[in-house]
Amino acid sequence: MSLHLCASTRAWIARSASRRELVDFADWLEAERYSSFVADQHLRRMAFMLERLAPEGRRRVYSARQLEHAFARECSPRSRLFRFAASRRVYSRYLRARGRLRVEPDVGRYAALQRGYERYLIELCGFARSTRQHHAIEVREFLSRGLPRGKPLRHVSREDVEQHIRIRSQEVSRHTLAHVIGVLRGFLRYLYLSGHIASRLDALDAPKIYQGEQPPKALPWATVRRLLASIDRRSKAGWRDLCVLHLLAYYGLRPSEVAPLRLDSIDWDAGVLHVRQRKTRCDLQLPLAAPTLQLLRQYLIHCRNRQGTAHPELFLRARCPSGPIEWTTVQDIFQKRAREAGFPHPIHVYQLRHTIAMCWDIGAC
């Protein structure tokens with residue numbers, strides 16, 4: 001053993017009744033390329049636990065359930081939960097490598113399937129223990145109540161899944177039902193990928209969590225054109241407001257993407273707008289149509305160039321103090337122009353942005 005361990009750890013190993021076990025465990029940790037610091041922590045915890053597991057120092061064969069039961073008492077304080085759980089997993093790997101981890105017989109009809117799904121959640125999804133426990137509860141519910149009696153799992157149908165969802169919808173709230181459906185999607189996807197079922201059944205619609213939940217609203221395109229046409233370009237901020245709302249309506253930009261635009265965001269030769277997307281944190285190269293380029297040029301001539309070059313942003317405040325607009329200002333601009341156009345309240349700026357799906361003729365403005 002060539003690990004650099006603390007003196008107290010070496011002394012603890014030397015006087016332990018399970019000295020041979022700890023030395024062999026340390027050699028395995030070194031062979032698995034654990035660092036000296038991490039190996040020292042695992043050895044200290046196992047020196048403590050082996051006094052409970054094997055007080056006489058005998059090298060025994062354990063089952064996973066025995067280890068979980070023995071470590072459960074040390075995992076109760078929150079500060080020690082993850083440390084002792086990590087040592088239990090590492091020690092289980094050591095026992096498996098030495099052929100001393102007993103494989104327990106399957107308990108129940110789908111015990112092997114449930115254990116395989118748990119390994120899938122750990123190794124591929126990286127779910128936390130509490131999340132895996134929630135998945136296990138819902139999977140047991142589905143396997144015990146969702147399948148008709150005597151029907152093999154490979155013959156499960158979409159009707160069986162929908163019937164189980166109807167039953168669960170009467171037992172839990174809509175918010176909880178959304179989590180139930182999320183678990184079923186993951187489990188049914190696992191069944192298909194692992195070959196337990198022949199067709200995919202995980203395309204399940206989530207319930208509406210809120211009673212008034214509806215798809216995103218959008219303004220009719222005729223209304224959008226009327227709004228843009230109603231803006232008085234001779235007013236103090238008319239050109240600026242027209243360009244801001246034009247970019248929202250025709251290109252679907254968010255307020256947080258329009259406000260930070262700079263003068264150098266426009267590539268006039270290529271006809272491209274460089275947008276930094278705040279929500280997705282990526283850059284977007286957006287081709288601009290000829291009417292949009294002409295509109296932006298007119299804005300620079302009639303408004304922006306008169307405000308100087310002290311600020312590099314494309315859209316500036318119309319009142320003192322001078323400076324770039326905030327993303328909240330875009331909502332204020334929209335509310336003001338919608339009010340002047342006689343639109344009913346309440347109305348939100350995102351209703352203008354969602355009209356991009358209706359925009360077929362970019363030269364209409």
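User: In this predicted model, which residues does Glu-257 touch, not counting residues up to four places away in sequence?

Analyst: Glu-257 touches Val-275, Arg-276, Gln-277 and Arg-278 when residues up to four places away in sequence are not counted. Glu-257 itself is placed in helix α12, residues 255-258.

User: What makes the pairing of the Glu-257 and Arg-254 side chains a polar contact?

Analyst: The two side chains are 2.6 Å apart in this contact. The cut-off for a pair of N or O atoms is 3.5 Å, and the Glu-257 to Arg-254 pair is therefore a polar contact.

User: How do you know that Cys-243 is in no disulfide?

Analyst: The nearest cysteine sulfur, that of Cys-303, lies 8.5 Å away. A disulfide requires sulfur atoms within 2.5 Å, so Cys-243 is in none. A search of the whole structure finds 0 disulfides.

User: Why are Cys-243 and Cys-125 classed as buried, exposed or partly exposed?

Analyst: Cys-243 has a relative accessible area of 1%, so it is buried. Cys-125, at 33%, falls between the 20% and 50% limits, and therefore counts as partly exposed.

User: Which residues have the most contacts inside the largest nonpolar core?

Analyst: They are Leu-273, Phe-315 and Leu-352, in a core of 44 residues. Helix α11 gives the most to this core, with 10 residues. A second, separate core of 27 residues includes Trp-12, Met-49, Val-90 and Leu-101.

Conventions. Residues numbered from 1 in each chain as written. Predicted model: local features only at pLDDT ≥ 70, side-chain atom pairs only at ≥ 80, totals over all residues. Heavy atoms only, no water. Core = buried A, V, L, I, M, F, W, Y, C linked by side-chain atoms within 4.5 Å. Buried < 20%, exposed > 50% of the residue type's maximum accessible area, 1.4 Å probe, protein only. Helix = DSSP H or I, 4+ residues; strand = E, 2+ residues; numbered from the N terminus. Polar contact = N/O pair within 3.5 Å; in protein donor to acceptor, adjacent residues only side chain to side chain. Contact = heavy atoms within 4.5 Å.
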